[in-house]
Amino acid sequence: MDNLYQRLDLNLLRVFDVLMQSRNVTRAAEQLNLSQSTVSHALARLRLALGDPLFVMTRKEMRPTGRAQALAAPVRQALALLEQGVRQSAGFEPASSTRTFRLAVPSSIEHGAVPQLVELLHRRAPACRLAISELVDSDYEDSLARGGLDLVVGFAGAGHLSPRLLCEPWFDNPMVCLSARGSGLPEVMSAAELVAWSHVSTSTWGHNQTLVEHWLKEKGLERHIAVWVPSFEALPKLLATGRYLAMVPELIARDFCHYYPLQSHRLDEPLYSTYVLAQHPLTEFDPALVWFRQLLREVGESLCRVE
């Protein structure tokens, strides 16, 4: 074991990391742009150096041993730190970069903020790309550590993000009520007036609707949910029937009232949803993400100005 580290060169660690993700020699070889025999030889060297099979064949895949599972996180972190160091030394030139920024966001941000973000990105870094995925009930630590995502837009107080992630407040957005135009409801509504109607809930999992439920519960009230939908797509047509109300972030209501026959009502007691930006400590000083976070701050400030 004295010369173990001398036998574990960087190429072997990269092969190990990709095998942990792909669980298949052929796929690992494709990702690494190596021959299958080269990857097999590297695995044999790893097994010899560590005195462990590391991966055991099953019918479906190569399953990691306990030793491999224990090594996976430290190896991934070491490679990520090395990659980060290389990126830092190279700097980031937005005008010429072809990087793809990967974000997970709730549907309200996809609808209300992503189009503006795309425009800014197009003007400042025209060759960069944006890959958006839907926010789910996950702590996101692993996805961010492995580079599957760069940043996550979550909710303050939702409790789903790993406490080991770096989180900073992005912006606050008030919750408002949407109704069909001509509903006769006042511009400012009380909680009691809200629960007198049936509602459409715009998420089967999401913090904004939970925020409303807790706010009403504190007042001893509960609204009747007539329809649950997974996104905002069907909301305009459902509300246009005049049968329902919906509680949504103001940035959603602003667009819907512009394009559809709907109207927005403020609450007599302001209720805010706070969005946060979450990132893994491994990528905190990545120059591209430092630049991209600033771009997101500009979007957040712009959305706050037009409330």
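This is a predicted model: local features need pLDDT of at least 70, side-chain atom pairs count only at pLDDT 80 or more; totals for chains, interfaces and linings use all residues.

Modeller: Residues are numbered from 1 along each chain as its sequence is written, and side-chain values use heavy atoms, with hydrogens and water left out.

Colleague: What span does helix α2 reach from its first C-alpha to its last?

Modeller: Helices here are DSSP runs of H or I with at least four residues, and strands are E runs of at least two, numbered from the N terminus. Helix α2 covers residues 10-22, which is 13 residues. The expected span is 1.5 Å times one less than the number of residues, and α2 comes close to its expected 18 Å, reaching 18 Å.

Colleague: Are α2 and α4 roughly parallel or roughly perpendicular?

Modeller: Axes are lines fitted to C-alpha atoms, for helices over the stretch in contact, and angles run from 0 to 180 degrees between N-to-C directions. The α2 and α4 (residues 36-50) axes are 10 Å apart at an angle of about 105°. Angles under 35 degrees count as roughly parallel, over 145 as roughly antiparallel, 65 to 115 as roughly perpendicular and the rest as oblique, so α2 and α4 are roughly perpendicular.

Colleague: Which residues of α4 does α2 meet?

Modeller: Contact means heavy atoms within 4.5 Å. From α2, the residues taking part are L12, V15, F16 and L19, and they meet V39, A42, L43, R45 and L46 in α4.

Colleague: Which residues of α3 make its contact with α4?

Modeller: Helix α3 (residues 25-32) packs on α4 at about 110°, with the axes 8 Å apart, which means that α3 is roughly perpendicular to α4. On the α4 side the contact involves Q36, V39 and S40, and on the α3 side V25, T26, A28, A29 and L32.

Colleague: Is N208 buried or exposed?

Modeller: N208 sits in helix α10 (residues 207-218), and, leaving aside neighbours within four places in sequence, N208 is in contact with S108, F155, M175, P249, S273 and Y275. Buried means under 20% relative accessible area, exposed over 50% and partly exposed in between, with a 1.4 Å probe and protein chains only. Because its relative accessibility is 8%, N208 counts as buried.

Colleague: How does V136 count by its relative accessibility?

Modeller: V136 lies in the loop between β4 (129-134) and α8 (141-146), and its C-alpha is separated by 26 Å from that of D17. Because its relative accessibility is 41%, V136 counts as partly exposed.
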